[in-house]
Amino acid sequence: MMRISAKPVNFKFNDYLNNGYEFLKNNFGNVLLAVIFCFIMAIIPFCAALGIGNLYKYFRKLRKDKSAAPGEIFNFDDFSPYFILQLIIIGGVLVLYIPLFIIIFATQQNGEGPSGFGAAIMFPYIAIMYIVIFAVVLKGFYIPALISLGGVKDIKTAWKMSTAMTKGNLLSIFLYVIVVGFLSQLGILACGIGLLLTLPYSYTANYFAFEDAMQQIEHDEIQEIGLKNEY
């Protein structure tokens with residue numbers, strides 16, 4: 001029996017990059033097919049995040065059982081939490097952007113753009129807005145792992161646990177996101193064909209970041225009972 005106790009995670013930057021590469025190299029065909037299935041899932045409204053979450057589940061199964069099928073991407077067991085998560089994201093984006101549009105329209109001068117006063121308000125607001133977005137994204141970094149790999153279905157609980165897990169690691173996670181994002185886009189330089197290698201790599205690297213975090217916070221109660229009995 002397993003229970004999860006959220007705590008700050010020891011973020012192993014290099015391990016995730018190396019393990020992601022080795023896993024992709026050893027399972028390239030299966031990983032690529034699963035990623036393609038994710039693209040298909042993204043066509044279905046509100047299923048893009050679900051597809052990626054299922055991808056992480058599939059990677060876990062693939063590591064343990066080579067007979068795991070890429071078709072498991074089309075599993076809708078976790079649709080509800082990911083649907084709610086996406087509604088929250090959409091709502092948050094609207095809350096941030098509506099005041100920006102109001103500022104732009106309210107301070108327009110003859111349809112030529114915002115006035116000097118409007119610009120003086122708009123640019124600081126944009127800076128604050130992006131700081132807020134980055135802070136939320138980084139603090140919520142582990143939410144997909146908690147939903148798909150940890151079985152946490154309540155978004156509020158997942159958010160609280162993720163903020164605890166990222167405590168003290170925000171800079172490392174920020175740098176990791178930049179590096180993985182940069183590597184995943186390198187395939188564009190090869191006329192887009194390289195994305196078939198670099199984009200799957202970003203997912204495998206993220207999987208190992210998530211899997212390691214889950215292993216750090218999972219607590220085996222049966223094992224603890226056994227250790228107590230020894231004393």
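How do the residues of the lining of the largest pocket divide into nonpolar, polar and charged? They divide into 27 nonpolar, 8 polar and no charged. The model is a predicted one.

**Largest pocket**
- The largest pocket holds about 1100 Å³ of space.
- Its lining has 35 residues, and Ile89, Val136, Val137, Gly140 and Phe141 are the closest to the centre.
- Helix 4 supplies the largest share of this lining, 9 residues.
- At least two residues each come from helix 3, helix 4, helix 5 (116-139), helix 6, helix 7, helix 8 and helix 9.

**Second largest pocket**
- The volume here is about 150 Å³.
- Its lining has 2 nonpolar, 3 polar and 5 charged residues.
- Among the lining residues are Lys57, Arg60, Lys61, Lys64 and Glu72.
- Helix 3 gives the largest share of the lining, 6 residues.

**Nonpolar cores**
- The largest nonpolar core has 50 residues.
- Leu55, Phe59, Ile73, Phe141, Tyr142, Leu146 and Tyr176 touch the most other members.
- Elements that give two or more residues to this core include helix 1 (13-26), helix 2 (28-43) and helix 4 (79-106).
- Helix 9 gives the most, with 11 residues.
- A second, separate core of 5 residues includes Leu96, Leu100, Met122 and Met129.
- Among the contacts of Leu146 are Val152, Met161, Met165, Met214 and Ile217.

**Ala49**
- Ala49 sits in helix 3 (residues 48-64).
- Ala49 touches Tyr82 and Gln86, leaving aside residues up to four places away in sequence.
- Ala49 and Pro144 are 95 residues apart in sequence, yet 8.4 Å apart in space, C-alpha to C-alpha.

Methods
Residues numbered from 1 in each chain as written. Predicted model: local features only at pLDDT ≥ 70, side-chain atom pairs only at ≥ 80, totals over all residues. Heavy atoms only, no water. Helix = DSSP H or I, 4+ residues; strand = E, 2+ residues; numbered from the N terminus. Contact = heavy atoms within 4.5 Å. Core = buried A, V, L, I, M, F, W, Y, C linked by side-chain atoms within 4.5 Å. Buried < 20%, exposed > 50% of the residue type's maximum accessible area, 1.4 Å probe, protein only. 1 Å grid on protein atoms, 1.4 Å probe; cavity = no way out; pocket = protein on both sides within 12 Å on 5 of 7 lines; lining within 4 Å. Points joined across faces, edges and corners; volume = space filled by probe spheres on them. Nonpolar A, V, L, I, M, F, W, Y, C, P; charged D, E, K, R; others polar.
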